[in-house]
Every structure is written in structure tokens, then in C-alpha cells.
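Me: I have a structure I'd like to talk through with you. Could you go over it with me?
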Amino acid sequence: MKIVTIGRGQIGGGLARLWREAGHEVTSLGRDGGDVSEADVVLIAVPGARISEALSRVTGLEGKIAIDATNIMPARQGEFPSYAEEVQSFTKAPVAKSFNMNFGHLFDQVREQRVRPSNWYVADDGAVKITEQLIEDAGYDPVRVGNLSRARDFENAVWLLMGIQPVGGVFYRFAQPGEL
Ligand SMILES: NC(=O)c1ccc[n+]([C@@H]2O[C@H](COP(=O)([O-])OP(=O)(O)OC[C@H]3O[C@@H](n4cnc5c(N)ncnc54)[C@H](OP(=O)(O)O)[C@@H]3O)[C@@H](O)[C@H]2O)c1
């Protein structure tokens, strides 16, 4: 797959590395923007309050499937119901919200775990196949918890995840009875 990450920091750069290891062709853009016309999918990994500023410097977004990894810390900003829908106002295409509930500084340890950690996400139907593939290729098991209409609730749930933060970042796994 041809992937462009918009943001090349802990999340954009970290996922770029994992996806390259899985055989994908990944380009990473910083705050100066660039063009994504050739991409099969774009990852949004810039500060949440900077989405519109960052995406206004990117050409070729319309029609692209997007995975939005931004989160609302330290406080939600802007007029959109969710950051994922702010992304969608640029792409006008299916969007997934994923990797916002996983810790970037643990990416290097994902593949060392006894079982695959989960990555819970919400998505439009049209973004599910690519998103699940890229979650798996990063070493996680995908768990869809709704469609994009749940994006705001999902973004707000980051505060619950951060409540566990005193232990310094966590992996988690959702499992059927008997699978743990
Ligand atoms: N770190 C985590 O564990 C984690 C987990 C889940 C979600 N997230 C979310 O993922 C997103 C990226 O986080 P990160 O930790 O990867 O951040 P980061 O390491 O600080 O990287 C931020 C990236 O965004 C780019 N960017 C584009 N426009 C920008 C602007 N106007 N102002 C500042 N930076 C701009 C930066 O460009 P340059 O390269 O040109 O500086 C940089 O590549 C954030 O929304 C964050 O809340 C982070």
C-alpha cells in the first residue's frame, strides 16, 4: 500500500517505521505539508488543534481514505463535532479513528508481547478494510467499537485511558471468554 503520514513525530514516524517493516511504501510529511495524490490512504498525526492548519497545506486529499490518530488533549478545540469529522471535511471520503488510543512510545515493544495488544477504533464502513489491515501490520488486533458517528465519544474516552497513565503507558487487550 502507498501510505502518507501527515505528521512524522512519535505517532506518524513510529507507524511509518512499523508499516515499512510490513512492506508498505510510506512517505511522511511535516508541518510544511505536501501532496498526497498518489496515496492509497493517509494517516493524520498532527496536534489535534492544528488539523485544519496542517491539512490546508496538503494537496490531493479529496477522496482519500484517512486514518485520524489525533487526540483532544489538552482540550478539544474548534467547531466540528469531532476531530475525525474535521479531517473528513477535507477528504470528503471514508474516515477511521484509530491509534489515538495506543501509546506511541510503546510501538517498539508491540511485537514482543505474549499476545497481540488490541487497537480499538471507529470507522466509516468504507475505511474498515484498510484500517484493519494497517492495525494488523503495526502488530495490533483491531477491535471496531462503532462507526464514525461515535468519533466524539471515542475521542473523549482518551481521558479514561490517561487515567491509567501513572503506570507509564499500557497495552490492553479485549478478548472473548476463553481467549485470555
Ligand atoms: N504520542 C502518543 O503516544 C500519542 C498517542 C495517541 C495519539 N496521539 C496524537 O497523535 C498526534 C501526533 O502526536 P505525536 O506524539 O506524534 O506528536 P509529535 O511527535 O509532536 O509530532 C507532531 C507532528 O505534527 C506535525 N505538524 C503539522 N502541523 C503542525 C503544526 N501546525 N504545529 C505543530 N506540529 C505540526 C509536526 O511537523 P514537523 O515534523 O514539521 O515538526 C510533527 O511531524 C497528536 O494529535 C497526539 O495527540 C499521540
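Predicted model: local features only at pLDDT ≥ 70, side-chain atom pairs only at ≥ 80, totals over all residues.

Me: How many residues surround the ligand, and which are the closest?
Reply: The ligand is surrounded by 23 residues, of which Gly-9, Ile-11, Gly-30, Thr-70 and Gly-104 are the closest; a residue counts as near if its C-beta atom, placed from the backbone, lies within 6 Å of the molecule.

Me: And which element gives the largest share of that shell?
Reply: That is α1, with three residues, where helices are DSSP runs (H or I, at least four residues) and strands are E runs of at least two, numbered from the N terminus.

Me: Switching to α3, which residues are buried there?
Reply: In α3, residues 83-91, the buried ones are Tyr-83, Ala-84, Glu-86, Val-87, Phe-90 and Thr-91, buried meaning that 20 or more other C-beta atoms lie within 10 Å of a residue's own, with C-beta atoms placed from the backbone. They line one face of the helix, because seen down the axis of α3 they fall within an arc of 160°, taken from the directions from the helix axis to the C-beta atoms.

Me: What comes just after α3?
Reply: Lys-92, which takes a positive phi of about 50°.

Me: Why is β8 called largely enclosed?
Reply: Five of the six residues of β8, residues 118-123, are buried, so the rest of the structure largely encloses this strand.

Notes. Residues numbered from 1 in each chain as written. Buried ≥ 20, exposed ≤ 12 C-beta atoms within 10 Å, placed from the backbone.
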